[in-house]
Amino acid sequence: MFSVKLSQEHLTLPLAELNAVLESCYPDKKLTLNISEETVKIAGLDDESVLRKRLGYAMEINGVEVEQGFSARYPRKRPFSYPTTLDPKLARAMVNLARPMKGAKGLGGKGARKEDVIFDPFCGTGGILLEAGLMGFKTIGIDIDEKMIPGCKQNLDFYEVKDYDISVEDFFKTKKRGTIVTDPPYGKSTSLPGKSVEEFYNLILEKLHEITNGISCIGSPSTINLGEMALNQGFKILEEHIIYVNKDLSKRILVLKK
Ligand SMILES: C[S@@+](CC[C@H](N)C(=O)[O-])C[C@H]1O[C@@H](n2cnc3c(N)ncnc32)[C@H](O)[C@@H]1O
């Protein structure tokens with residue numbers, strides 16, 4: 001029996017992250033979850049190392065603290081930071097929510113399927129690529145802003161992420177593919193002047209539908225109804241979370257399936 005103590009931040013997100021990791025890493029295991037307040041007891045699991053490496057919102061596993069080194073990766077500690085840099089725990093949870101697979105049936109072995117590549121088409125300073133890389137995924141990042149790519153590279157190198165491919169490119173023109181985890185720009189910083197935030201996100205969803213490999217995780221300001229827009233574009237909504245960031249911003253995090 002495994003016992004995972006979850007952080008109480010962001011209400012349902014820590015449990016959703018745990019569920020997503022169990023689903024993607026142990027798709028064939030019959031697991032029983034017993035949830036009491038912040039602790040989840042899991043029966044049917046024989047190895048905790050994957051959970052220990054992957055989870056962002058786990059505080060303890062079997063009574064031993066989980067240390068992902070987030071404090072060393074807070075935006076102000078990075079060589080290159082920007083006001084829009086994503087919090088590392090949230091970035092990691094978003095990668096997990098997209099349910100990427102590593103190797104066969106999650107963990108490797110017989111009947112191996114190719115490992116998923118995490119693609120952030122609005123990569124900025126690389127907050128998502130950094131967490132995905134540290135979890136062991138190959139990553140692809142693009143950003144339209146020329147100053148972001150050298151800064152993003154500086155961050156990935158500083159934290160010794162190896163397997164990445166980043167370049168200056170416009171999302172709306174890209175032919176790259178992958179498991180998309182992304183936090184596009186909000187409001188005035190959108191790259192399409194003259195378009196409202198809703199119009200901009202509608203175009204993002206349209207392009208996402210074209211290039212997604214299946215499940216994607218995308219952030220937006222909570223003020224726009226991205227869920228309804230995604231349904232209209234033919235996506236299924238697997239999950240929706242509202243995350244408080246500060247008094248001026250809450251984010252809507254959606255997990256979408258094509
Ligand atoms: C909210 S920031 C991403 C923050 C990132 N998750 C981080 O942790 O640094 C959005 C980024 O999207 C980029 N961007 C805006 N329009 C774009 C486009 N059409 N194609 C690619 N990148 C774009 C901006 O330059 C900005 O760096």
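**A buried arginine and its surroundings**

Analyst: Arg78 is buried yet has no salt bridge, and the nearest side chain of opposite charge, Glu131, is 5.1 Å away. The model is predicted, so local features need pLDDT of at least 70 and side-chain atom pairs pLDDT 80 or more, while totals for chains, interfaces and linings use all residues. Residues are numbered from 1 along each chain as its sequence is written, and side-chain values use heavy atoms, with hydrogens and water left out.

User: Why is Arg78 said to have no salt bridge?

Analyst: A salt bridge requires a side-chain nitrogen of Lys or Arg within 4 Å of a carboxyl oxygen of Asp or Glu.

User: What polar atom does the side chain of Arg78 approach?

Analyst: A polar atom of the Arg78 side chain lies 2.7 Å from the backbone oxygen of Arg73. A polar contact is a pair of N or O atoms within 3.5 Å; within protein, one must be able to donate a hydrogen and the other to accept it, and residues adjacent in sequence count only if both atoms are side-chain atoms.

User: Where does Arg78 lie, and which residues is it in contact with?

Analyst: Arg78 lies in the loop between strand 5 (64-65) and helix 3 (88-97). Helices (H or I, at least four residues) and strands (E, at least two) are DSSP runs, numbered from the N terminus. Leaving aside neighbours within four places in sequence, the contacts of Arg78 (heavy atoms within 4.5 Å) include Arg73, Thr85, Gly127, Leu130 and Tyr159.

User: What makes helix 4 mostly covered?

Analyst: Seven of the eight residues of helix 4 (residues 127-134) are buried, among them Gly127, Leu130 and Glu131. Buried means under 20% relative accessible area, exposed over 50%, and partly exposed in between (1.4 Å probe, protein chains only). The cover over the buried residues of helix 4 includes helix 3, strand 6 (117-120), strand 7 (138-143) and helix 5. Just after helix 4, Gly136 takes a positive phi of about 100°.

User: Why is Lys153 called partly exposed?

Analyst: Lys153 has a relative accessible area of 40%, which falls between the limits for buried and exposed, so the term partly exposed applies. Lys153 lies in helix 5 (residues 148-158), and a polar contact of 2.8 Å joins the side chains of Lys153 and Asp157. Not counting residues up to four places away in sequence, Lys153 touches Tyr164 and Ile166.

User: Are His10 and Leu11 buried, partly exposed or exposed, and what is known of their phi values?

Analyst: His10 counts as partly exposed because its relative accessibility is 24%, whereas Leu11 counts as exposed because its value is 77%. His10 has a positive phi of about 60° although it is not a glycine, and phi of Leu11, also a residue other than glycine, is near 50°. The place of His10 is in the loop between strand 1 (2-6) and helix 1 (13-25).

User: How do you know that the radius of gyration agrees with a compact globule?

Analyst: The radius of gyration is taken over C-alpha atoms, and the globule rule is 2.2 Å times the number of residues to the power 0.38. With 258 residues, a compact globule would have a value near 18 Å; the protein chain has 18 Å, which agrees.

Note on methods: Lys, Arg positive; Asp, Glu negative; His and termini not counted.
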